[in-house]
Amino acid sequence: MIENQKLTPEQLYRKCELGEIDFETTKDLSHNDYAFMGQNRALTSAGFGIKMKLDGYNIYALGPEEVDKRSLLETLINREAAELKVPGDWVYVCNFKEEQKPVALKMRAGDAVRLRDMMNRFAEELPNVLTSVFESEEYQNRRQSIEEKLKEKEQQDFNDIQKKAEEKGLSIMRTPMGYSFAPVKKGKVMSMDDIQKMSDREKEQLEEVVQELQKELQKILRQIPERQRKIRRKREELNREFAEYSVKGLLEEVRREFEYDEGVIKYLNDAKNDIIERVEEILNPGGGNPFMQAVSQKPKQNISPSEHPVLWRYTVNVMVNNSDLKGAPMVYEDHPIYNNLIGRIEHVSEMGALTTDFTYLKPGALHKANGGFLILDALRLLTQPYAWEGLKRALLSKKLKVEAPGEMYGLFSTVTLQPAPIDLDVKVVLVGSRMLYYLLCAYDEDFKNLFKAEVDFEEEIDRNTETQQMYAQLIASLIQKHDLNPMDRQAVAKIIEHTSRMVSDNQKMSIRTRDITDLLKEAEYWSREEGQDITGVESVMKAVEHRRYRSGRLKDRYRDEILRNTIFIDTEGTQTGQVNGLSVVALGNSMFGHPTRITARVRPGKGEVINIEREVEMSGPIHSKGILILSAYLGAQYAIDNPLSLSASLVFEQSYGGVDGDSASSTELYALLSAIGDIPIKQCYAVTGSVNQHGEIQPIGGVNEKIEGFFEICRWRGLTGGEGVIIPKANIKNLMLNDEILEAVKEDKFHIYAIETIDEGMKLLTGLEMGEQDEQGNYPKGSVNYAVKEKLNRFTSIQKQFMGKDNHSEVKKTER
Amino acid sequence: MRISSIIVAMDSVSGSHPLVEIAVELAHKNDADLTAVFIEEHDWFEVSRFNFSHQVSSLTGSVSPLTEDHIFDQIRAHSSLLKQMVVKSSQKHEIRYSYRSMRGFVKRKLMELSSGKNLVIIGRNRHPDGRYAKVGRTALYLAENCPVPVLVWNNRTSGLQNITGLCKEPESSVKVVDWTLKLGKLLDCESRLAWPDDIERREEFKVRYQEIKRLFPEKAEEIMNISQAFPGEKIYTLRHQHEQLIVVDRKQEWGSGAEDLLRQLPHSILFL
């Protein structure tokens, strides 16, 4: 029977047979489309998600990090995007009526840059054209004519009063603040002596005349502001006429280019009207405001329009330029902070104040991806403040509005821009983990409405001849993609075998392409180190081995402590109530197994099995569940007609961290049975497997690491030929053990047993049969069950004796 | 050409600012002394003694008595502002300067003060108004009569870009050529010389070039390079080329003299 349970070397490792596929190296293999191997579900789902045009069918690609989901999706999206039409460009231009609310214009692809360049040229030429028109003789003459015509009356009035003054012997004289009338004699102002020589009557007359003329002068001077206003109005009308003439010609070229675009034509009309209103400012920036003149001075000759105090209004801010695209855009934003997604409003400091205008609007990834696809890393997106909320808001409203996050939450009170929102038509592809997907589904209502296309990537595929051949081609395509040296046939087979080990299943292969790629790169590194142009099987094995070595420090420490007897593990002899269990430690890149001593002690009691780990809160729920299951097994097996008068304790010796999982529940049961029946257990074996209430052994995880962990201890101590590991039969398919074990098994120095029941395990560990009940319910002498049952009966008797004494004492106490 | 002392005549505060700027710049670049003067018109004080004298504000039209005290207060305030402007600008450029405020007849005083100076600077008008600036009587008088070069500065000019010397024949234009070239270098402007007939005509060109070569042996090439021709009667087409300074010799005949030039050309003009 034992021989039936002992596994052959062939059962411990599944070699890769590449069958009829004919190749020497990966160079000979085709490498098209194998990137999607095993991803049929993801492929179909992605195809649906990408092509589905209705709202809410954005994509969430879920699966392990090591499956290169993004790269696979990019390939699919690229194919689809190439078939779609190139979306239009977007620009922001000045809203001449409300500068704080820039206008968004959608244009044909490629038009944005053209409009920007044309408007820049226009703005550069504008001052020169205006200058030449406004300095033309015609303009100057008409302006002069206006001024002279309107001033004529003023001059006439002045002349009249001057004449009148002269007739009366007076002259108008300028004083520091205005005018005064002075009596003159022979062309000179009269002296005081001259005045004193005048008679009183003459003086009175002179005073009367002066007063009269002063009043007239006052009247004339008070009319001046009104006349000046008239001149200004007339001058403005003239300016408008000439400005319109000059701007019209300049803008005509732009208008002709974009006559099909209503938005642009309307913008050009608005720009023309604005220029007409601002001619003076364009020609003389800061004019009329001495403070502004002092700070800005006159712009330099070759100043660019964007730096000009007025001409920036006629520039164009290109937010999206799709001129170079051949289809719809596909954008991957690797830093999805709010500003990088939604866009931002930049500010500049001017004399201590922050100012901005439409030229400081900067596009985000959503702008660039509008009309196409945007790929984002879900975790990065969710960990950036405001980014997820911003993205959802844009997708729900189908509008893209650039605003500062602070403004969105009403944190800033300074005036900033309110750019017109842009219509948004984008398919967002989130790439993330399964956990994140399920959390979002559970806690974010919007998520379910917005990301209806679930693309679930597989991480393993079935392993058979056909898929192995396909896998070889996948390896070839990865080698080509990453420009690696070709790999020979044996090396490819070794990689395939390793992928089974990666998933701990000899009937499956891992398709975590990122891990595979890393292994290919590392193998190539070692082959190059050896000066080889073709990566061979030795390099692959070295890469695998070196990986283990790099992350093996902890494993080696553990091993050393066992070998130095700091951690007690027996690998020979027998012990009662003590079994070698197997644990797995997974930390970072390292995953390894090691033996753990599990012991049990028993005494009479009320049927409880104490899990010491649990008592000190070092036991996880699954481990505790396993203990309860084995308690149930004990009860059902041995306490049908008697109470289970047992108190047992179980412990993982020298365990200073927590314990979880039920893979040691069978081991614990063996220890318990050994302790109850006082049956010695062989210490040359280590055991793993969980047990159910019927005593059946169930599969566990990490079987390869566990076997290798125990083997290593035995090997270091020296194999005697008796050592081995007992595993669940259901785990045979998971075996992909290393070469050293295969060799030892071949040489009959180490053994792997696969069992299905506790009975088989006990027989292997003790050399005793479990024993079947006869018709009277008795077990055969010399069997495990017999010893256990006997001990339990003794415990029951002891328990009864104690119970009887206690009851008797109580009666006596009452009688007294 | 040697500028070691400059006098600038000031009047209104706003109108005098550009004058002070150019005067300080020239003084700085020539290491010259600058004298800024404000003449308190003698007649103001004379009139203020009459008990019937009033002043009508040019801005509001309001009438206020014009007494000696009023005049004195107004002049003191005005002079203080002018002085501040001169001091600030001079100190900024670290030039030697003096500010003087004196009472008298303006033209006579300025003629007296210009004696021994190398350059007089005066604004076209108390309040420049438009490109066809009016010309003040004092500026006109000095342009015609002052024995030293007079720069009548267009108060609106900012950012001088070129200097044009108006020449007749080379022999009679030596001063103009000399000042034009030197001012161009000094003020970092483009210099050019305008000859009133067709320099392109081969024979005339040859004759003129030989003469220039004789008069300016080292600069003949440069002078010819910056020379341009224009028909004599169309000298006033220059009016459309703004931001420039025109250099003329009063002894040469240009229309009906300085008054004609000033009335037709709205630029700053240097009368030699």
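In this predicted model, V93(A) stands opposite V103(A) of strand β3(A). The strand that pairs with β3(A) here is β2 of chain A, residues 89–93, and the two run antiparallel over five bridges. Both belong to an open sheet of three strands, ordered β3-β2-β7 in chain A, with antiparallel pairing. Its edges are β3 (103–107) and β7 (317–320) of chain A; each has a single partner strand, so one side of each lacks a neighbour in the sheet. From one strand to the next the twist averages 30 degrees. Helix α5 of chain A, residues 111–134, packs on this sheet and touches β2, β3 and β7 of chain A. The direction of α5(A) makes about 170 degrees with that of β7(A).

**The seven-stranded sheet of chain A**

Another open sheet in chain A has seven strands in the order β23-β24-β22-β21-β26-β29-β30, and its pairing is mixed. Here the edge strands are β23 (608–611) and β30 (751–755) of chain A, each with a single partner strand, so one side of each is left without a neighbour in the sheet. Direction ignored, neighbouring strands are turned by 30 degrees against each other on average. A parallel pair within the order is formed by β26 (residues 685–687) and β29 (residues 724–728) of chain A, over three bridges. Y685(A) has G724(A) in β29(A) as its bridge partner.

Two helices of chain A lie across strands of this chain. Helix α29 (residues 758–766) lies across β26, β29 and β30 of chain A and runs at about 150 degrees to β30(A).

**Strand pairing between and within chains**

Strand pairing also links chain A to chain B: β5 of chain A and β3 of chain B run antiparallel, with Y179(A) opposite V56(B) of β3(B). On chain B, β3(B) also pairs with β4(B), again antiparallel, and H54(B) stands opposite P65(B) in β4(B). Five residues separate the strands of this hairpin, in which G61(B) takes a positive phi near 80 degrees.

| Strand pair | Bridges | Sense |
|---|---|---|
| β2(A) and β3(A) | five bridges | antiparallel |
| β26(A) and β29(A) | three bridges | parallel |
| β5(A), residues 178–185, and β3(B), residues 54–57 | two bridges | antiparallel |
| β3(B) and β4(B), residues 63–65 | three bridges | antiparallel |

The largest cavity holds about 40 Å³ of space. Its lining consists of I22(B), L26(B), L119(B), L151(B), W153(B), L183(B), L187(B), L245(B) and L270(B). By class these are nine nonpolar residues, with no polar and no charged ones. At least two lining residues come from each of α1 (13–30), β7 (150–153) and α6 (174–187) of chain B.

Two of these elements, α1(B) and α6(B), have axes that come within 10 Å and cross at roughly 95 degrees. Since angles of 65 to 115 degrees count as roughly perpendicular, α1(B) is therefore roughly perpendicular to α6(B). On α1(B) the contact is made by I22(B), E25(B), L26(B), K29(B) and N30(B), and on α6(B) by L183(B), L186(B) and L187(B). The contact of α1(B) with α6(B) has five nonpolar, one polar and two charged residues. I22(B), L26(B), L183(B) and L187(B), which take part in this contact, also line the largest cavity.

Notes: Residues numbered from 1 in each chain as written. Chains lettered and ligands numbered in written order. Predicted model: local features only at pLDDT ≥ 70, side-chain atom pairs only at ≥ 80, totals over all residues. Heavy atoms only, no water. Pairing = 2+ DSSP bridges. Helix = DSSP H or I, 4+ residues; strand = E, 2+ residues; numbered from the N terminus. Axes fitted to C-alpha atoms, helices over the stretch in contact; angles between N-to-C directions. Contact = heavy atoms within 4.5 Å. 1 Å grid on protein atoms, 1.4 Å probe; cavity = no way out; pocket = protein on both sides within 12 Å on 5 of 7 lines; lining within 4 Å. Points joined across faces, edges and corners; volume = space filled by probe spheres on them. Nonpolar A, V, L, I, M, F, W, Y, C, P; charged D, E, K, R; others polar. Parallel < 35°, antiparallel > 145°, perpendicular 65-115°, else oblique.
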